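Look at the model below, with its sequence alongside.

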Amino acid sequence: MIEELIRPHLRTFKPYVSARSEVLDAKIFLDANELPVGNPVGEGGIGLNRYPDPFQIDLRKAIANGLAVDPEMIFTGVGSDEIIDLLIRLFCEPALDSVTVVEPTYGVYRVAANVNAVRTTTIELNEQFQIDLASTLASVRPDTKLIFLCSPNNPTGNVLNREDILSLCKKTSAIVIVDQAYVEFANGSDDLARIVRELENLVVLRTFSKAWGLAGIRLGYCIAHAQIVSYLLRIKSPYNVSAVTSRLALNALKNRNFLVNAVATIIEERNRLATRLNALPCVVKVYPSDANFFLVEFQDAHLVFETLRRAGIIVRRRSEPRLANCLRLTVGTREENELLLSEIRTKT
Ligand SMILES: *Cc1c(COP(=O)(O)O)cnc(C)c1O
C-alpha cells in the first residue's frame with residue numbers, strides 16, 4: 001500500500017551512491033576527496049575532516065533504543081522541518097496531489113506544500129481544538145496523500161485525542177503525520193511511536209529542538225514504517241545530518257536526566273504562569289496547555305504585543321481570524337515570566 005502512495009518516478013529511481021555508502025571499515029580513506037591533515041577548528045574526537053555516516057546508523061539506533069522500536073523505523077533530518085519537506089516530496093506530485101492541513105496549526109506544513117507546488121486543503125479543528133473526524137475524513141480525496149496533525153498542537157497547546165488519530169489512520173489510506181514536537185511536555189503516557197508498528201500509514205515526527213534544548217543543532221526525526229524510512233533515505237541529500245549534530249545528539253541521549261529535569265521545571269513554571277495570567281484583568285482566556293507555551297486571549301492582544309515589544313519581550317502573534325486577540329507565550333524562566341507578567345499588569 002505504501003508503494004502505491006509513493007510518487008511513481010521515485011519508486012524506481014536510482015539514488016546517489018556516496019563514497020561512504022559501502023565500506024566503512026577501511027583503514028585509509030582516499031575515496032571522498034577529504035583533507036587528510038586535520039581541520040582548522042580542533043578535533044573534539046569527531047573527525048571533522050571526514051564526511052559523516054550518510055545513514056546515521058549509530059544515532060538512529062540510539063533513538064530507536066529509547067523508544068523500543070527498530071532503527072529501520074527511524075529517519076533523522078535537519079530538524080523536523082526537513083522531514084516535513086521530504087515527506088511532501090516523497091508522496092506528492094506537484095500540481096496533482098494535495099495535502100490536508102488541520103488548522104489552526106504550525107505554519108510550516110502549508111509553506112512546505114506551497115514550495116513544492118502541492119495544493120493544500122484546510123480543515124478546521126472543532127471548538128475544543130480537537131479533530132472533527134467527519135469533516136477531516138470528508139476532505140480526503142483520491143489525490144490527498146498526506147494529512148498533517150500536530151499534537152500537542154501549536155499554537156493551541158492541547159493534545160489531540162488518541163482515539164481520533166487512530167480512527168483517522170484506520171479510515172483513510174492517506175499518510176497521517178502526527179507532529180509531536182512538544183510531546184515531552186504532555187502529561188500522561190504516549191504510545192503513538194510504538195503504534196507505528198501496527199499502522200503503516202502513521203508517521204510520528206519528533207525533534208531535539210524543544211524539550212531537549214538543542215534547537216541550534218537542527219535535528220529532528222520521524223518514526224515510520226521501514227519502507228517509508230528506506231525511501232526517505234534514498235531521496236534525502238547524501239550527508240544531511242552533520243557529524244557535529246549527531247555527536248551532540250548522542251551525548252544528549254546519554255543524559256536523559258537533563259530532559260526529565262528540564263521538563264519538570266517547565267511544567268512547574270507553566271502551572272504557575274497559568275494561575276498568574278488568569279488573575280490579570282486584561283486576560284480573557286488562558287487555553288490549557290500540554291506544551292511549553294500558552295495560547296492566551298486578551299481583551300486587546302495588539303496592545304499587549306506592542307507593550308511587550310517596547311519592553312524588549314517578544315511573543316508570537318497569529319493572523320487568522322479565529323485567533324484574533326490571541327498571543328502565543330512561551331514559558332520562560334521564573335525571572336522571565338515575572339518580567340512578562342509585570343509588564344502586562346502595569347502597562348496594559
Ligand atoms: C518547533 C516545532 C518543530 C520543530 O522543528 P525543527 O525543524 O525540528 O526545529 C516542529 N513542529 C512544530 C509543531 C513545532 O512547533
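Phenylalanine 129 sits in the loop that runs between β3 (119-124) and α6 (133-138). In this predicted model, phenylalanine 129 has a positive phi of about 60 degrees, although it is not a glycine. Most residues other than glycine have a negative phi, and most peptide bonds are trans. Phenylalanine 129 counts as buried because its relative accessible area is 6%, and the cut-off for buried is under 20%.

Another residue with a positive phi is asparagine 325, where the angle is about 70 degrees; this residue is not a glycine either. Asparagine 325 belongs to the loop between β10 (316-317) and β11 (326-330). Its relative accessible area is 33%, so asparagine 325 is partly exposed; that class lies between the limits of 20% and 50%.

The peptide bonds also hold exceptions. Serine 151 and proline 152 are joined by a cis peptide bond, with omega about -10 degrees. Proline 152 is in the loop between β4 (144-150) and α7 (162-171).

Asparagine 154 leads on to the ligand. An N or O atom in the side chain of asparagine 154 is 2.9 Å from an oxygen atom of the ligand. Serine 80 uses its backbone instead: one of its backbone N or O atoms lies 2.7 Å from a ligand oxygen atom. At aspartate 179, a polar side-chain atom is 2.6 Å from a nitrogen atom of the ligand. The ligand taken alone exposes 390 Å², and the protein buries 93% of that.

How many residues surround the ligand? There are 14, and the closest are Asp179, Tyr182, Thr207, Ser209 and Lys210. By type, the shell around the ligand divides into five nonpolar, five polar and four charged residues. Helix α4 (residues 79-91) supplies three residues, the largest share of this shell.

Methods: Residues numbered from 1 in each chain as written. Predicted model: local features only at pLDDT ≥ 70, side-chain atom pairs only at ≥ 80, totals over all residues. Heavy atoms only, no water. Near = heavy atom within 4 Å. Polar contact = N/O pair within 3.5 Å; in protein donor to acceptor, adjacent residues only side chain to side chain. Areas by Shrake-Rupley, 256 points an atom, 1.4 Å probe, with all protein chains shown as cover. Helix = DSSP H or I, 4+ residues; strand = E, 2+ residues; numbered from the N terminus. Nonpolar A, V, L, I, M, F, W, Y, C, P; charged D, E, K, R; others polar. Buried < 20%, exposed > 50% of the residue type's maximum accessible area, 1.4 Å probe, protein only.
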